Amino acid sequence: MTSAFQASYSPLPYFPRACQRPPVRRPSVSFSSSRTCQSPARFMSIRVNAAASTTSDGSVLRDGIAEFYDESSGLWEDIWGDHMHHGFYDPDSNVSGSDNRSAQIRMIEESLRFAGISDDPAKRPKTIVDVGCGIGGSSRYLARKYGAKCRGITLSPVQAGRANVLAEAEGLADRVSFQVADALKQPFPDGQFDLVWSMESGEHMPDKAKFVNELVRVAAPGGKIIIVTWCHRDLLPSEESLQPWEKKLLNRICNAYYLPEWCSTADYVKLLQSLSLQDIKAADWSQHVAPFWPAVIRSALTWKGFTSLLRSGLKTIKGALVMPVMIEGYKKGVIKFAVITCQKPE
């Protein structure tokens, strides 16, 4: 099979309660330079405020991500359930509150369809890794759908603990398990999984090249890789970087959600091509996720949502205040919701 990148994107086109961890002062995260990711080998670095300290292994960012989700995951689960990701909507339909959770299931199904994952019992995945698993919603869904064994990893001890509790409650503990681990140093041997699943975790990765290499490393020969992630728009041939106002907008999101530097869909495709992967496909699903953030804001404005938010902690409140910026980013075309899939050679 040959690699193929769909240059013209398809016109169809996170939450038990937070544990008590010692308070750690967190720096804000911002871009490391004026250039966006241009090369597959380029290290996606972060810059922190001079007043704060960090380490060369990125522990400040990792701790920030873990504590953000430790704090916010209980709130998300209370309001939205166990799927901590965007929903997939019909852009022309009126969205009702009851449709949001169904839309999250559609996001899983549409991602599987786009990647060409077979429902044939002889061909469907038997081993799956969920990289950035949240509280395990995708893992449990995929385990039931395919009768597969699934391993999930997250930086958040609260998420891993809650995910295991839910797996036990749903009778899946023999097939699904979760642990705290770094996606850039996955605790799995080479070639273990038929399906490598990353649903909205790539945006947290400070080294996109290392992230992609780890996804490929743990994939079995012939295995499929699905990356669903936030990206910035592709640069024009005449551009060296995003515009200053675009970087400023993205920085506001980075500071709230503990994100390192963003990259584009084209950057991901270049990384996959550099590793000689097969059947590389990408699409822009921004139109299909457009109703999601307004729906999250509406849920936060209910009495249950508002009171739960106030109890959840400062990090979660800070994240809530940035939700309108996400909407602005999508409307102005700076943020793209990308699905990228490929297959590891046999």
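**Overview.** I counted 12 helices and nine strands in the protein, taking helices (H or I, at least four residues) and strands (E, at least two) as DSSP runs numbered from the N terminus. This is a predicted model, where local features need pLDDT of at least 70, side-chain atom pairs count only at pLDDT 80 or more, and totals for chains, interfaces and linings use all residues. Residues are numbered from 1 along each chain as its sequence is written, and side-chain values use heavy atoms, with hydrogens and water left out.

I then looked up burial: 57% of the 346 residues count as buried. Buried means under 20% relative accessible area, with a 1.4 Å probe and protein chains only. The accessible surface comes to about 14,600 Å², 55% of it from carbon and sulfur atoms; the areas are by the Shrake-Rupley method with a 1.4 Å probe.

**Strand 3.** Is strand 3 enclosed or open? I found it largely enclosed by the rest of the structure, because four of its five residues (127-131) are buried. Strand 3 runs parallel to strand 4 (residues 149-154), joined by five bridges, and parallel to strand 6 (residues 193-199), joined by three. Two strands pair if DSSP finds at least two bridges between them. I followed Val129 both ways: its bridge partner in strand 4 is Arg151, and in strand 6 it stands opposite Val196.

**Cores.** Which residues have the most contacts inside the largest nonpolar core? My list reads Leu112, Trp197, Trp230, Ile253, Tyr257 and Trp293, in a core of 68 residues. Helix 1 (residues 59-80) gives the most to this core, with seven residues. Apart from it lies another core, of 31 residues, including Phe188 and Leu272. A nonpolar core here is a set of buried Ala, Val, Leu, Ile, Met, Phe, Trp, Tyr and Cys residues joined through side-chain atoms within 4.5 Å.

I also checked Tyr257: leaving aside neighbours within four places in sequence, its contacts (heavy atoms within 4.5 Å) include Phe68, Trp230, Trp293, Met323 and Met326.

**Helix 12.** Met323 and Met326 turned up again among the buried residues of helix 12 (residues 323-331). The buried residues of this helix pack against elements including strand 7 (219-232), helix 6 (244-257) and strand 9 (335-343). Just after helix 12, I noted Gly333 with a positive phi of about 80 degrees.

**Ser241.** My last stop was the loop between strand 7 and helix 6, where Ser241 sits. Ser241 is buried, with a relative accessible area of 17%.

How values were computed
Buried means under 20% relative accessible area, exposed over 50%, partly exposed in between (1.4 Å probe, protein chains only).
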